[in-house]
Amino acid sequence: MKKVAIFVDIQNIYYTVRSAYGRNFDYNKFWAQATKGRDVVKAVCYAIDKGDKKQREFQTILRAIGFEVKLKPFIQRSDGSAKGDWDVGIALDAVEYAEQADIIVLVTGDGDFDLLVNKIRTKYGKKVEVYGVPQFTAASLMNEASDFIPIDKALLLN
């Protein structure tokens, strides 16, 4: 059985799915598809913690599915802008688990990950599947992926 490691950029997926479809991503359907016939060595969702009840309930659901949930505090700057980004953490974890997994699944549309995907494919010789909303996924990321799997209506909550 092939070993898979899954890394989900929750903020990116939440906003791109909402913008494209006005609905929410179905993490159960995704899990079933991404793990079918595979042994999961690691599965992590990365989120920003705003500390509200609804968000904590969502995190509990993710853990019940099988994900580890990593949180960073939401930082509101004095100029009104906000900071909260897991790019470096996702990249470090993906590289760490690239040696243990046959397949890396990255769920994001963020083009900043194109270099990461290239490195995992070329240095480690691993397959990298990228799930993203087609119209909001960087072309460079889609091009670097071994397989690009579009997030469409089949992966949305009804």
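A salt bridge is defined here as a side-chain nitrogen of Lys or Arg within 4 Å of a carboxyl oxygen of Asp or Glu. The structure is a predicted model, in which local features need pLDDT of at least 70 and side-chain atom pairs count only at pLDDT 80 or more, while totals for chains, interfaces and linings use all residues. Residues are numbered from 1 along each chain as its sequence is written, and side-chain values use heavy atoms, with hydrogens and water left out.

Side chains of opposite charge can pair when their charged atoms come close. The side chains of lysine 127 and aspartate 147 form such a salt bridge, with N and O 3.0 Å apart. This pair links distant parts of the chain, as lysine 127 lies in strand β7 (residues 127–132) and aspartate 147 in strand β8 (residues 147–150), 20 residues apart. Strands (E, at least two residues) and helices (H or I, at least four) are DSSP runs, numbered from the N terminus. Lysine 127 also meets glutamate 129 in a salt bridge, at 3.5 Å from N to O. Arg38, Lys127, Glu129 and Asp147 are linked in a network of salt bridges.

Exposure is given as relative accessible area: buried means under 20%, exposed over 50%, and partly exposed in between (1.4 Å probe, protein chains only). Lysine 127 has a relative accessibility of 33% and therefore counts as partly exposed. Aspartate 147, at 31%, is likewise counted as partly exposed, whereas glutamate 129, at 5%, counts as buried.

A search of the whole structure finds eight salt bridges. One of them joins glutamate 68 to lysine 42, with the closest N and O atoms 2.5 Å apart. Glutamate 68 belongs to strand β3 (residues 68–73) and lysine 42 to strand β2 (residues 38–49), so the pair ties together parts that are 26 residues apart in sequence. Glutamate 68 has a relative accessibility of 31% and counts as partly exposed.

Two packed helices are described by the angle between their axes and the distance between the axes. Axes are lines fitted to C-alpha atoms, for helices over the stretch in contact, and angles run from 0 to 180 degrees between N-to-C directions. Helix α4 (residues 87–98) and helix α5 (residues 114–124) pack at an angle of about 15°, and their axes are 11 Å apart. This makes α4 roughly parallel to α5 (angles under 35 degrees count as roughly parallel, over 145 as roughly antiparallel, 65 to 115 as roughly perpendicular and the rest as oblique). The crossing of the helices α4 and α5 is right-handed, meaning that the near helix is turned clockwise from the far one by less than a right angle. Contact (heavy atoms within 4.5 Å) is made by Ala91, Ala94, Val95 and Ala98 of α4 and by Leu116, Ile120 and Tyr124 of α5. By class, this contact of α4 with α5 has seven nonpolar, no polar and no charged residues. Ala, Val, Leu, Ile, Met, Phe, Trp, Tyr, Cys and Pro count as nonpolar, Asp, Glu, Lys and Arg as charged, and the others, Gly among them, as polar.

Helices α2 (residues 27–35) and α3 (residues 53–65) have axes that come within 10 Å and cross at roughly 20°. These two helices, α2 and α3, are therefore roughly parallel to each other, and their crossing is right-handed. Tyr27, Asn28 and Trp31 in α2 meet Phe58, Leu62 and Ile65 in α3. The residues of this contact of α2 with α3 divide into five nonpolar, one polar and no charged.

In α5, the residues Asp114, Leu116, Val117, Ile120 and Tyr124 are buried. The buried residues of α5 pack against α4, β6 (103–107), β7 and α6 (139–144). Arginine 121 is also found in α5, but is partly exposed, with a relative accessible area of 27%. Leaving aside neighbours within four places in sequence, arginine 121 is in contact with Lys126, Val128, Glu144, Ala145 and Ser146. Just after α5, glycine 125 takes a positive phi of about 65°.

Valine 130 lies in strand β7 and is buried, with a relative accessible area of 0%. Not counting residues up to four places away in sequence, valine 130 touches Leu106, Thr108, Val117, Leu141, Ala145, Asp147, Phe148 and Ile149.
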